[in-house]
Amino acid sequence: MIASLLIALLFPFVFSCSQKLVRVQPYEREYFSQDKMLIDPVESAAEQEGHVFLIKEASAGGESSFQGGCGCR
Amino acid sequence: MRRLFGLLSLLLPFKALASSLADRGGFTFDYYADNTDVQVYSPGFSFFKTLTKKFLIGIKMRIDAISAASIRKGGSPIRTDAVTGATARRAFDDVRYAPTLLGVYDDGDNSFTLGVYYSKERDYTGRSVFANYIRQLNLQNTAVGLGFSQSFDKWDPVYKRNLPTDDRKERKIDLSVTQLLSPTSIVQFIYSNLYSEGFLGSPYHYLLGKDFARFETLPETRRGHAFTVKFVKLIDEPTSVNLSYRYYTDNWGIKSNTADIKLLRDLTDSFTVGFRFRYYIQTGADFAKNPKEYSITDRYIVVDYRLSGFSSNTVGILFIKNFGFSGFKLKGALNYYQTSSNDYIRNWYGEDRIEALFGSISLDYTF
């Protein structure tokens, strides 16, 4: 079921060159060069809090962090 | 490349724009303290050097200087273990060294990262390899990512306890799709598949029952799935909102929901401030009981509160100072974290809940 969900999610992006997905032209992207529009606006803090939440809670993944192993987990 | 630093420090990059590699470096200092008498001071640096227009290599180094009652006392911060507890307090109870080396190929439409990670502390050695591929599609409105990491970690407890195995291996596969929705909004989906095997608990956790004492005993494999959606929207210049939701589930019976919201606002052309709130809630593992209900015959014994049901709240502030054409950028964040009250926390830490303060400040320079 999960595999099917993933395929359904990724298929239109991977195999389509649909113009419907071209929503923003290069000259319209000025806002995406601003820090406040980044998905992780403060990268070092995102890395640290990803590590803190990883060692304080049971959940993992779904985040951008690559978290190498440490004994505190 | 605006997201280069993020790309290099994180497994899944979110490159929403066409970009090129650039030489960069930076210093970071992280701090963490909580009410269980843990303090961690973490200086670090990073340096990334382009070899050609399409190739880059980088190094990151992080040091964790740790002061913790749990280390000094051999396990629980409220009970001194006669065998494992240290008698004298040193400046730091443990120091962890964690270098990362990586290489990046980026031709504008394809980006491939390959790296290795090593971590050494007194009783634990971490070794990982990671790789990541990003493909830009639809005139760079869409980015599809595939990430992989595998760790080969090893326990070496400070006292000679015969563990069932001293290995811990963790594999993570990430799939991501990032899509520009409009000139002022972007969405990202991430799916993570996780698999762990080996000794998945702590060698120092033990349970004192009425007439028995047992070490924490957990299953030796764990399989999990996480689904995340992130959304960033410019509300109106100069304010943006950053939303994130994650659902996690695993075969130990733990399910969790995480919601995170950040509001960011430019106060000047070069100074941005933000506020964040995060809420997290999880169920307990199927085999976790109230700490007072365990018997000596139970197959699994849970001591770690992270395997019980609880929730947490995090509030924080952040700032970004851009020094313009000088190439310097100063960024920081400070967060307060609090869990709900919990019998496991009470049993092990002698506190009703965990309360923590943590922050990070970094100075980055683009050559």
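These legends accompany a set of close-up views of a predicted model.

Residues are numbered from 1 along each chain as its sequence is written, with chains lettered from A and ligands numbered from 1 in the order in which they are written. Because the model is predicted, local features need pLDDT of at least 70 and side-chain atom pairs count only at pLDDT 80 or more, while totals for chains, interfaces and linings use all residues; side-chain values use heavy atoms, leaving out hydrogens and water.

**View 1. Confidence in the model and in chain B.** The model scores ipTM 0.89 and pTM 0.89. Chain B has a mean pLDDT of 89, with 90% of its residues at 70 or more; pLDDT is the predictor's confidence in each residue, from 0 to 100. Please take care with residues 1–18 of chain B, where pLDDT stays under 50. The model has 85 contacts beyond four places in sequence for this stretch, a contact being heavy atoms within 4.5 Å. Where pLDDT is low, the predicted coordinates should not be read in detail.

**View 2. Arg214(B), a buried residue in strand S11.** Strand S11 covers residues 213–215 of chain B and includes Arg214(B) (strands are DSSP runs of E, at least two residues, and helices are runs of H or I, at least four, numbered from the N terminus). Arg214(B) is buried, that is, under 20% relative accessible area with a 1.4 Å probe and protein chains only. Arg214(B) has no salt bridge, which would take a side-chain nitrogen of Lys or Arg within 4 Å of a carboxyl oxygen of Asp or Glu. The nearest side chain of opposite charge, that of Asp298(B), is 6.1 Å away, yet the backbone oxygen of Asp298(B) is reached by the Arg214(B) side chain at 2.5 Å. The side chain of Thr217(B) makes a polar contact with that of Arg214(B) at 3.5 Å.

**View 3. Tyr294(B) in a loop.** Look for Tyr294(B) between strand S15 (271–282) and strand S16 (310–322) of chain B. Tyr294(B) counts as buried because its relative accessibility is 6%. Beyond four places in sequence, the contacts of Tyr294(B) include Leu207(B), Phe212(B) and Phe287(B).

**View 4. Chain A.** Chain A has 2 helices and 0 strands. Of its 73 residues, 62% are buried.

Note on methods
Buried < 20%, exposed > 50% of the residue type's maximum accessible area, 1.4 Å probe, protein only. Lys, Arg positive; Asp, Glu negative; His and termini not counted. Polar contact = N/O pair within 3.5 Å; in protein donor to acceptor, adjacent residues only side chain to side chain.
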